[in-house]
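Hi there,

Here is the structure I promised to pass on. My notes on it follow below, with the cut-offs spelled out along the way.

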Amino acid sequence: MPASGLWPAAAPFGGAALFPGADVVARILAACGLVSAVACTPDFQSPRQVTDLRVLAIRQEALDDNGVTSRFADASVDFDALRAQPLRVRALVVDANARPSLVVKGSLCAPTDSGRCDGVATFDVPPGASGEPRIRLDVPSDFVALAKQDDRLKGFGGIRVQLSLQASDGDPHDPAMASKILVYTTAPESMRNQNPDVVGLEITRAGAHVATVAPGETIPVTAGVEYGVRPVLGPGTAGIEEYDVVDLSGQTIHLRETPRYSFFATVPVDFDRDEADEPLPGQPQPVNGIARFTAGVGSGPMWVVVRDGRGGIGWISVRCTATSP
């Protein structure tokens, strides 16, 4: 998928030797099925305190024909034309003691209970301009044909592919592992998902507004004082989407996303919880954020990751500097 040179030799599947990479693709087919009505959000359960190398999140972005990121998270698949939309994958890889020797490897397979793709070829996931590991993935037409043939629902709803990542940078606890279910959908554009964006963090103290911090900015705080944090999502489809799905009976169901936030930081910053949900419509907004943090004297990074419950992911990275009262 990333490049032809990364495919292993042709492997037998059902007694026949198929195209190069069939040993990977054949294991994907068991995951083919209804994805437009199923939440495909991966679970990165882990302590909120970052003390070593970690992969906090993986984001899927469908690409337009010219290779520019489209507004969609899930990629389209056309079984008649045997064509799958290319996509870009971005990873949020962090380390409390960042090292310049970061190496990220990826592999593809059917979704597994362990989140690992064992026994398949790996490929490099190089850093982009921002330093985040990213790679373009292209599904060959042979794969699309094989997926439709093997799928018991004959491609209804699309297909699902597991991307597994392994990151190493010389950290004593290397390697760091993570996975994400990549979604390829047959749904019309009106039903497709778009990634949420965290455009800022509103910081409060005892319920009073202190500042709204944009990505990459620094939060100045007083050491030992508890602050509230409220993620600010982007406007329109970059925020909370309402969407339609079609169930197996052919009925259209109207739903609303329920974003969940995960909080991470290094010493000297500490959040009071791992996760928090977006308040439901009609509920009062929390007075002092949906999570709280306290910092000791010093400086450290903070990350907030949002998942929309159906595969879309976004995040924000900021820095916190605390001084003595």
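Five strands form an open sheet in the order β14-β23-β22-β18-β20, and their pairing is mixed. The edges are taken by β14 (218–222) and β20 (275–277), each with a single partner strand, so one side of each has no neighbour in the sheet. On average, neighbouring strands here are turned by 25° against each other, direction ignored. For that angle, axes are lines fitted to C-alpha atoms, and angles run from 0 to 180 degrees between N-to-C directions. Strands are DSSP runs of E with at least two residues, helices are runs of H or I with at least four, and both are numbered from the N terminus; two strands pair if DSSP finds at least two bridges between them.

Before going on: this is a predicted model, in which local features need pLDDT of at least 70 and side-chain atom pairs count only at pLDDT 80 or more, while totals for chains, interfaces and linings use all residues. Residues are numbered from 1 along each chain as its sequence is written, and side-chain values use heavy atoms, with hydrogens and water left out.

Cys320 is buried, at a relative accessible area of 0% (buried is under 20%, exposed over 50%, partly exposed in between, with a 1.4 Å probe and protein chains only).

The loop between β22 (298–307) and β23 holds Arg310, which counts as buried at 12% relative accessibility. Its side chain makes polar contacts with the side chains of Glu257 (2.8 Å) and Glu241 (3.4 Å). A polar contact is a pair of N or O atoms within 3.5 Å; within protein, one must be able to donate a hydrogen and the other to accept it, and residues adjacent in sequence count only if both atoms are side-chain atoms.

There is one disulfide, taking a pair of cysteine sulfur atoms within 2.5 Å as the rule. The disulfide joins Cys109 to Cys117, with 2.1 Å from S to S, and is left-handed at -75° about the S-S bond. Both Cys109 and Cys117 are buried.

For the whole protein chain, the secondary structure comes to two helices and 23 strands. Of its 325 residues, 50% count as buried.

Happy browsing, and do write back with any questions!
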